[in-house]
Amino acid sequence: MARTIDAAAHAARREEFLDAAQLLIESQGYARMSVQDVLAEVGTSKGAFYHYFDSKQGLLQALVERNADLLQAHLAPIADAPERSALDDLQRFFTALAGWKTQRRDLLTALLKVWYSDDNAVVRHKTRSVISARVVPLLAAIVGRGLAEGIFTARDPHQTARVLLSLVNDLNDALGELFLAQEPYTPSAARIEPVVAAYTDALERVLALPSDSLRLVDVVTLAAWFDGGDPVKE
């Protein structure tokens, strides 16, 4: 008789492995994490691990996919709103992306040193690649609508979306470096605003938008990160 698998229990057990891996990566980095560390955290055998994942790399891929799926679900409704203008949706998109991170401020702040360490270079690369695959089509849909409306100017929606996301990723890196460089002192948001303004100008030029058409990160969000203000609710 074929073995019956409880799908819900199987999925829940798989999530336990992913939760344990995320905790370990956040605390010590991917390079230092071993499969045995994950097993100890979950409290199970190596055989059980390989029932769900074929390797440490397979576990990482599954973890990255899970986080990317959550972000995609958060952003997708904004990209699919034809009743609004493309410019309005693009602004909502960037606001939602900033809000997603600000809601997780305490966790992300604690992770910054680990995230930018050499031990997590593989994680950074995989995360950027998978998130790009999820987010670029959403941005491309907005850009395509903007072209049809005559609001944006661009040669190709998909490639333009890749450029936009690259600018956002680079801004995240610049802000992360500034945040870490100031420890143990918290920098004023006023010192960070020129950095955000430079990237905003670049993004507007990619789409041939007038100056001050977009706001990548607002003052309230900057205050939440750099001045200890309340996070933006999304």
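User: At what angle do H1 and H2 pack, and how far apart are their axes?
Analyst: Helix H1 (residues 7-28) and helix H2 (residues 35-42) pack at about 120 degrees, and their axes are 9 Å apart. Helices here are DSSP runs of H or I with at least four residues, numbered from the N terminus. Axes are lines fitted to C-alpha atoms over the stretch in contact, and angles run from 0 to 180 degrees between N-to-C directions.

Before going on: this is a predicted model, where local features need pLDDT of at least 70 and side-chain atom pairs count only at pLDDT 80 or more, while totals for chains, interfaces and linings use all residues. Residues are numbered from 1 along each chain as its sequence is written, and side-chain values use heavy atoms, leaving out hydrogens and water.
User: What do you call that orientation of H1 and H2?
Analyst: H1 and H2 are oblique to each other. Under 35 degrees counts as roughly parallel, over 145 as roughly antiparallel, 65 to 115 as roughly perpendicular, and the rest as oblique.
User: Which residues of H1 and H2 make the contact?
Analyst: Among them are Phe17, Leu23 and Leu24 of H1, along with Val38 and Leu39 of H2. Contact means heavy atoms within 4.5 Å. By class, the contact of H1 with H2 has seven nonpolar, one polar and four charged residues. Ala, Val, Leu, Ile, Met, Phe, Trp, Tyr, Cys and Pro count as nonpolar, Asp, Glu, Lys and Arg as charged, and the others, Gly among them, as polar.
User: OK, switching to H7. How many residues does H7 have?
Analyst: H7 (residues 121-149) has 29 residues. From first C-alpha to last, H7 reaches 40 Å, close to the 42 Å expected at 1.5 Å a residue; the expected span is 1.5 Å times one less than the number of residues.
User: Where is the kink in H7 centred?
Analyst: On Ser132, with a kink of about 35 degrees. That bend is the angle between axes fitted to the seven residues ending there and the seven starting there. Ser132 is also one of the H7 residues in the contact with H8.
User: And what's the angle between H7 and H8?
Analyst: About 125 degrees, with the axes of H7 and H8 (residues 157-181) 7 Å apart. That makes H7 oblique to H8.
User: How does H4 run relative to H7, then?
Analyst: The axes of H4 (residues 56-79) and H7 come within 9 Å and cross at roughly 20 degrees, which makes H4 roughly parallel to H7. Their contact divides into 15 nonpolar, three polar and five charged residues.

Technical notes:
Helix = DSSP H or I, 4+ residues; strand = E, 2+ residues; numbered from the N terminus.
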